[in-house]
Amino acid sequence: MFSAFSVRGRGSVRLAVAALVSGLFAAGSMVGAGPAVADDAPRHQGGAVATLDGLTTFDRAVLRDGGRNHELPAGLFEMTVDGGGRLKTYCIDIHNPTQEQAKYLETPWAQTSLGSNKNAGKIRWILQHSYPQVDDLTGLADKAGTGPLTERTAAAGTQVAIWRYSDGARVEALDPAAEKLADWLEKKAKNVGEPHASLSLEPSAVSGKAGGRLGPVTVRTDADQVTITPPADAAASGIKVTGKDGLPVTAAVNGSELYFDIPSEATDGSAELTVQATTSVPVGRAFAGVTKSQTQILAGSSRSTVSATATATWATAGPIPALSAKKNCAKGGVDITATNTGDEAFRFELMGFEHSIAAGESRTITVPVPEDQAYDFTITGPGGFSKSFKGVLDCKTTGNAGPSPDGPVSQLAPASAGGAAGGTSDTNLAETGASSTTPMIAGIAIAFVLVGGGAVFFVRRKQGPSSEE
């Protein structure tokens, strides 16, 4: 997308973020809506985007917590990847429900509960050494000494072992063979490293003066090749995507350096490029919900469509900011990183504090966001320029075994249960299957709003017409 906007003037570009909107942060003030539609989804940092289909291969387990027993299904979920492909995942957040048809994004461990979990690597070891990565169930049963395993009991045993490390849960599989598998996996597990993203662009935002090449943006992927989609209106604007040698490119490989080649006569503005590939997503990658939904970890992938996006901003003079954002679970907030490649200081206000980034400098500011809360930063300017950072801060597993007796009970949706029989518990807990009822989350959204919505860039409009996004 190409949108013209100006950062000319006296070198002062202000990012104003208002205080919390009255009433939105009160307990129970908002009921979470269903999964966000694609046009309203958070900007993805790179990798696979998928929709949860439900719990497909599972048996039963019992969670023992607070002197009560909670019976629940345990096993494999399946997801459909946007653009093509299928994923199989296990849950790593036992106390939270999944939401029916929830949208999920491939996410680094540090931006989920795995980031602070010293046993995260053991979970990946379990995934590598059990079902479905190991599909020889006879051999798996012999190695673990469990007795005969089916796909359902193997999935249940694997999920139980994962829960013991992801949530520190006292959980047991009801099937004896599944329970023996869980015990064996738990005992044998070793810490292994986090897998890298299936596809990413580093950095995701660059900036500079018109009349030069902005970058580099480096491709990181296991795919043999990625396809590059140039900025919209590239032909009319003269903007090109080039390689390190300055020649236009339409494809790249791991390690390729890409640049935005901006003509000197280009109107101050921004542009976006997208890279896409087909590859298998690495086992152990985390998947976080766009809306509040149980965090998942990848157990298996078909060849799937993955993508990543990078933006460039340019001007002829003044401050020239590049903006990016990511969750910071360690600090309980969202990191907004602003880089100024202009020739004047980039000044802005964020959460009541004024900041100034000198020409050629970069700074990261952490905006506090309460756990389980939605956030939405929208940065806009003249000429249709708009950049949004939105999502849900879901950095911790819930430390509560389930709803109170008089609280809401999430039922397993029939489409997710697969017709499996099984007893019900004294409370149905937050079942690991999909729920068509989104739970009420106290103060689900933090709204950072000014003049009709969002945090706003105020810039001086350049004289003359400007193109709209």
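Mentor: We will take a helix, a loop residue and some salt bridges in turn. The model is predicted, so local features need pLDDT of at least 70 and side-chain atom pairs count only at pLDDT 80 or more, while totals for chains, interfaces and linings use all residues. Residues are numbered from 1 along each chain as its sequence is written, and side-chain values use heavy atoms, with hydrogens and water left out.

Trainee: How far should helix α4 span, and how far apart are its end C-alpha atoms?

Mentor: Helices are DSSP runs of H or I with at least four residues, strands are runs of E with at least two, and both are numbered from the N terminus. The expected span of a helix is 1.5 Å times one less than its number of residues. Helix α4 covers residues 176–188, so its 13 residues should span 18 Å; the end C-alpha atoms are 18 Å apart, which agrees. At the start of α4, the backbone nitrogen of Ala177 has a side-chain oxygen of Asp175 within 3.0 Å.

Trainee: Which residues of α4 are buried?

Mentor: Buried means under 20% relative accessible area, exposed means over 50%, and partly exposed lies in between (1.4 Å probe, protein chains only). In α4 the buried residues are Ala177, Ala178, Glu179, Leu181, Ala182, Trp184 and Leu185. They pack against α1 (120–128), α2 (137–144), α3 (151–166) and β8 (171–173).

Trainee: Is Ser113 buried or exposed?

Mentor: Ser113 has 10% relative accessibility, so it counts as buried. Ser113 sits in the loop between β7 (103–107) and α1. Contact means heavy atoms within 4.5 Å. Leaving aside residues up to four places away in sequence, Ser113 touches Ile92, Asp394, Cys395, Lys396 and Thr397. The C-alpha atoms of Ser113 and Ile92 are separated by 8.4 Å.

Trainee: How many salt bridges are there?

Mentor: A salt bridge is a side-chain nitrogen of Lys or Arg within 4 Å of a carboxyl oxygen of Asp or Glu. By this rule the count comes to 16. One of them pairs Glu71 with Arg60, with the closest N and O atoms 3.3 Å apart. Glu71 is in strand β4 (residues 68–81) and Arg60 in strand β3 (residues 49–65). Both Glu71 and Arg60 are buried.

Trainee: What does the salt bridge of Lys209 and Asp343 tie together?

Mentor: The side chains of Lys209 and Asp343 meet at 3.0 Å, N to O. Lys209 lies in strand β10 (residues 205–209) and Asp343 in the loop between β21 (333–340) and β22 (346–350), so the pair ties together parts 134 residues apart in sequence. Lys209 is partly exposed at 37% relative accessible area, and Asp343 is partly exposed at 39%.

Notes: A polar contact is a pair of N or O atoms within 3.5 Å; within protein, one must be able to donate a hydrogen and the other to accept it, and residues adjacent in sequence count only if both atoms are side-chain atoms.
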